[in-house]
Structures are given as structure tokens and as C-alpha cells.
Amino acid sequence: MKTNDNKTILILSIVTIALVIISLSLLLNNKIFANQHNNQPASYPIKNEIKIFMNVKKELSLEVGSELPKISDYYDNYEEQDKEEIKYYLADQEVKLEDITTIKDNKYYLKAVNEYKVVINDQDESLLKVIDLTPPTIKLQELTITEGDKYNITSFIQEYNDNSNDSEYNATYLDESKASLTKEGHYEIKLKVCDKSGNCTDGITKLTINKKPIVTTKKPTTTTTTKKYVKDVQEKVIIASEAIKYGVKKETYYTVTYKLYSDGSKVESSRTAPEQDINFTTFNGTVSQMSNEAKSLYSSQSSSRNTILEETNRFRADVDVPALTLDYDLSIIATIKAIELAYSNNFDHIRPGNKGCFTLHDEYFGQKTLGNIYNALAENLAYNSSTDLRACEQWHNSSTHYATMINPRLTKIGIGKYTLNGRTYYVQEFAGA
């Protein structure tokens, strides 16, 4: 009986192994068939999409007459975008391409030396500097005069051409003694002619002075000249000056009106009562001096800072952009800028002395700011707003200022304000770490 049971178990084991082998064979054949039928490999490659971060250039300098840059020229690396729009601003006013370029063969060429703020896709900002590094071309002519005649340096310049298309130039004698020759003779005249950007061209021409002929003249008949009234002229006479701060003075003056006559004489006809005004032209404040005052005002301006910070972050929250962090150093810089605007009476991003906007940051930190401390900088200004919220409303209603406030690349903010002579200046300084 045991022998029969063992045989039965052996037969069942063999049958089970055979069925497993057949099943595996069928399964393998079906998988191969399916892969061949779908013309696909048994495994699939993995794809990974990489976005290149576009780094906008802070400024771009081009020679006047160059072709207008493309959007990609403003970036170190650029990917084509769904929206590609570029706007140019001069003194915060948008300008049309036909105002700053000449068109030839459907291409735009920069026609004047200037600096333009560039806003790309309502997000990125750059600075386009149109410069002139090319000397002008000149054509000189010889000049012949008679002893006693005077001559002007411009008389030697027959033609002047500059790539900036500006006709103004400055001409000087390389030998100043040749500026006022009077004796008979032939002279070599060497000139230096420079355009408004300081590019110069030297040239050589000739001056001939002929001897004055001797002529007999009759004694002129003496005539009496009648003095005639020409016009009224006014003159400001300062009678007192009081120093305010940073070189600025309060002056007391009156205005005198004179009657001017044909012989050059003048007679006072009236004068105003004494008046007072501020003379901003003598402003000489330094960043170090203004920094001390800005730091002394920091605590008293906390309420204004918080109001403007909350309103600005509300604008960012409306478009799902992370809130800005208040930065102490940027707030001191913003207050210095407001002081500088007030005492220089110059409401402009460009600083007194024609200094760039962000040179203030470099002077404050004592080193180059961009790349060492911050990777991006931006600035908003407002003038004579009645309240802190009104200043924010003005910025919000300006597309360029609003774009700066909600720019996700900017993560820090400094806020400052300053009032002088009844005028209040507001400043926002932004930075990206």
C-alpha cells in the first residue's frame, strides 16, 4: 500500500512541475508579444526638465549709433518667454522708440547720449547707457585777415561731424599764444576739437595776417549821442545769509529794478521788501554726516516704517509673493536718501554730482554693494505725499513702482522719510540677498 502512495505522490509532483513550466512559458511569450506589438521597449527612459535662471544685467553700455539691444542682450543667459515686452524710461517717464532711435532698413539705432531705465516684461530692470567714445571728424580751413582784425577759433572750423549727431563742440588752441595774434605774417594754427562726451580730434591749419594799408582819413564830425531808455533789468541783492545744515543756507534778499540805457548806464527805479529763501545750490552733505542724523531718527520713524511695510506686504500677498523683511541698514540708507533729496532740492534717482543711484549704498558700506552684500537693488521715491498710506497709493498706481514692490527677487526693504520746509520725501530701498 505504501508503495502505491509513493508512486501517486511522485506522479503529482511531476505534473505540478510541468504545469509551472508551461505557465511560465506562456506568460513570457505573451509579454514579448505585447512589447513587439506596441513597438515599445520593456523599460522607459526618465526625463528631467531643467529651467535656466535668467540673470538680468544691471546695466548695458552701447556706443551711440549702435543698434537697439534685443531683450536677450540684457541677460547673461536668456530663455525665450511667452511674453516679451520691453519699455524705456527717461527721468521716470516712458519714452517711445521713435524718440530715442533712428530707423533704417526696419532697424532701430540709438541716436543720443543718455541713460535709460529699462523694464522687461514688467518685472526685470536694467540700465541702458548710451555713450560716445568716438572722436568727431573735422575739416579745417585757412584764414586770412588784416592787421588789427580779430578772429575767432570757430572761423577755422569749416565742417564738424560727430556720431552723436550733436553739433555742439569745444575747440581750443594747442598753443594758447596763437589765440590773439596781431602782427603781419603766416602762422601755423593747431587746434583740439572735442565733442560733448570729451572725445577729441587734433587738426592743423594756417592763419595769414596781411599788413594794414595806410589810408588818409578825414577827421570825423563830432556828433552828440542821445541817451535812450532800453529796458528794465532786475538784480537780486543778498543782505543776510544763515547756515542751515549740510552747506545749505537761508538767505534774506531784496530785488532791485533798474532802468537800463543805451550807453550802458542804469538807474534804480524800485526795490522790493526783504524776502527769504533757501539756497540749495551750496549743498555739500556727506554720507557719513547724514548717516548720523538718519540713525538718530530711526526710533521716531518706526510707526511710518510699519505702516508702509504692512501696506507693501499686503500688495505682495495679493499676488502670492512672500513678504519683505525690514532691514536696518537699508532703512538708514533710505533715510539718508530722503535727507539728500530734501537738502539738495533734487528729486531724482541720480544723486548730486551726477552720481549713480546706488553709489549711496557703496559709500555707506565702504565697499561695492552689489555682489558683496546684496545681489539686487531697487529704489522707489515719492514727493510731498500727505500721509504714509498716500505715498504707498502713489507707488501702487505706477506700473513700474508697483512692479518693484511685488518683485519676488527682492526680499528685503528699508524705509525712510524726511521733511524740510514743509515738503516730505519718502524712500523705499529694496534688496535681494
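Me: Why is threonine 424 called buried?
Reply: Buried means under 20% relative accessible area, exposed over 50%, and partly exposed in between, with a 1.4 Å probe and protein chains only. Threonine 424 has a relative accessible area of 13%, so it is buried. The model is a predicted one, where local features need pLDDT of at least 70, side-chain atom pairs count only at pLDDT 80 or more, and totals for chains, interfaces and linings use all residues. Residues are numbered from 1 along each chain as its sequence is written, and side-chain values use heavy atoms, with hydrogens and water left out.

Me: What makes the link between the side chains of threonine 424 and threonine 419 a polar contact?
Reply: A polar contact is a pair of N or O atoms within 3.5 Å; within protein, one must be able to donate a hydrogen and the other to accept it, and residues adjacent in sequence count only if both atoms are side-chain atoms. The side chains of threonine 424 and threonine 419 are joined at 2.8 Å.

Me: How do you know that cysteine 194 and cysteine 200 form a disulfide?
Reply: A disulfide is a pair of cysteine sulfur atoms within 2.5 Å. The sulfur atoms of cysteine 194 and cysteine 200 are 1.9 Å apart, and the pair counts as a disulfide. A search of the whole structure finds 1 disulfide.

Me: Why is the disulfide of cysteine 194 and cysteine 200 called right-handed?
Reply: The torsion about its S-S bond is about 105 degrees, so the disulfide is right-handed.

Me: Is cysteine 200 called buried, partly exposed or exposed, and why?
Reply: Cysteine 200 has 30% relative accessibility, so it counts as partly exposed. Cysteine 194, with a relative accessible area of 10%, is buried.

Me: How do you know that the span of helix α5 agrees with its number of residues?
Reply: Helices (H or I, at least four residues) and strands (E, at least two) are DSSP runs, numbered from the N terminus. The expected span of a helix is 1.5 Å times one less than its number of residues. Helix α5 (residues 328–344) has 17 residues and should span 24 Å; its end C-alpha atoms are 24 Å apart, so the two agree.

Me: What makes α5 mostly covered?
Reply: Of the 17 residues of α5, 15 are buried.

Me: Why is one side of β1 and of β3 left without a neighbour in the sheet?
Reply: Two strands pair if DSSP finds at least two bridges between them. The open sheet has 5 strands in the order β1-β7-β6-β2-β3, with mixed pairing. β1 (59–63) and β3 (93–95) stand at the edges with a single partner strand each, so one side of each has no neighbour in the sheet.
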